[in-house]
Amino acid sequence: MGIQIIGISHKNAPLAVREMFAFTQEQQNDMMRKMTDYLEITECVVLSTCNRTEMYVYADSEKTAYVYSLMQDIFLKAAGAEHVEDIGEYILLFHGEKAIRHLFYVAAGLDSMVIGEDQILGQVKTAHKNAKEIGCTGVYLNTFFRMAVTASKKVKTETDLSRTSVSTATLALKVAEDALGTLSGKKVMIIGATGKIGGIVLMNLLSGYDAEAYVTTRNSKISLKHGYRDFADINYEDRYDYIDQMDVLISATSSPHYTLTFNKVARNMTTDKDRVFVDLAVPMDIDPKIAGLGRCTTYNIDDFTRIAEENNRRKIHEAESATTILDDHILQFEQWMVFQKSLYIMHNVKENFMKVTEHKGAEKAFDHLFYWVRENNTPEDIQVFFKCLNH
């Protein structure tokens, strides 16, 4: 009986494997409904980001191995990976205290490729909200996710972990700048700027760089906070017409297909100059074969590892402070969970105590309670019981 997690992440799975588990919201909802159809599993939340896909469940069953088997079956089938050779090497399984600690660390950005990144907290909140809306959560996962988010907010306000925020969105512009020497006067196209990550890239570009921004849209215009300068708004269908002008092309969509293909880029790219293609999507947006075109440099989500490691080394001290905060909140959740699971016992003890009190008085009721503790527990447990009473 407790919380269990099955997942796959940047820590042990390459991009090619993570792409298989890049589920749409419809797929996530289907997985959660299938999990909670089993009598043993009462609650489920699926968290899917560019660097991880994880399924959290609360199970009433004591058969941990059986619950894992159900989780793995649905997880792999949804990805079409049940027959992939050695897929088990990439699957992470957590139970009990390790599962509890994992979510708290994930939400605070301590388990991210870039330690302290901001996007993950919003993604955790959204995952919980989606599961709640389709009726797949209850008191355990609702409290679990709520307390993890609360702890993460405290980390952000009481440490410098996120004060100098670095994320895959900010790294996208950094690698482009490093490759070209400068972004000043350069033309940058962003595909997917209406999304969370693409929107952050656009905001960072407009506020921190002297570059010309080009944004692809389909039907709607993008509205920016007052104060940012203008950008060129081009139709998504016309994106290849602008390829030759561009110095940097960044794509961050949830499309299952390439937003930039090798053949169309090759046909439309005639000027010989350095270009940078940055792919922030999982599954990939940009055809990797583009790296073989002329003076093109390409980056995908896994290429940010080195830069992320440099950022992480600088944040080790703040991560230690964050861990202390998280440990306090993890303990509070574990205490709450023990009480929640023991409510029926507390009710029975209270009811029995009141009956004895009514007939024999409070003093006899206490004697009866202490006698019951003595006769039904080990000496070690009795010592713990009285130690708690003495605090």
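The expected span of a helix is 1.5 Å times one less than its number of residues. In this predicted model, helix 6 (residues 139-158) has 20 residues and reaches 28 Å from its first C-alpha to its last, close to the 28 Å expected on that basis. The protein chain that holds this helix has 14 helices and 10 strands.

**Chain as a whole**
- The C-alpha trace of the protein chain spans about 95 × 45 × 35 Å along its principal axes, and 46% of its 391 residues count as buried.
- Among contacts in the protein chain with a separation of 6 or more, 71% are between residues 24 or more positions apart.

**Helix 6 and its cover**
- The buried residues of helix 6 include Tyr-140, Leu-141, Phe-144, Phe-145, Met-147 and Val-155, and among them are also Asn-142, Thr-143 and Ser-152.
- The cover over these buried residues includes strand 1 (2-9), strand 2 (41-48) and strand 3 (52-59), together with helix 4 (97-108), helix 5 (119-133) and helix 11 (316-341).

**Helix 4 against helix 11**
- The axes of helix 4 and helix 11 come within 10 Å and cross at roughly 135°, which means that helix 4 is oblique to helix 11.
- Helix 4 passes helix 11 in a right-handed crossing.
- On the helix 4 side, Glu-97, Ile-100, Arg-101, Phe-104, Tyr-105 and Ala-108 take part in the contact, and they meet residues of helix 11 that include Asp-327, His-329, Ile-330, Phe-333 and Glu-334.
- The residues of this contact between helix 4 and helix 11 divide into 8 nonpolar, 2 polar and 4 charged.

Definitions and conventions:
Residues numbered from 1 in each chain as written. Predicted model: local features only at pLDDT ≥ 70, side-chain atom pairs only at ≥ 80, totals over all residues. Heavy atoms only, no water. Helix = DSSP H or I, 4+ residues; strand = E, 2+ residues; numbered from the N terminus. Buried < 20%, exposed > 50% of the residue type's maximum accessible area, 1.4 Å probe, protein only. Contact = heavy atoms within 4.5 Å. Axes fitted to C-alpha atoms, helices over the stretch in contact; angles between N-to-C directions. Parallel < 35°, antiparallel > 145°, perpendicular 65-115°, else oblique. Left-handed = near helix turned anticlockwise from the far one by under 90°. Nonpolar A, V, L, I, M, F, W, Y, C, P; charged D, E, K, R; others polar.
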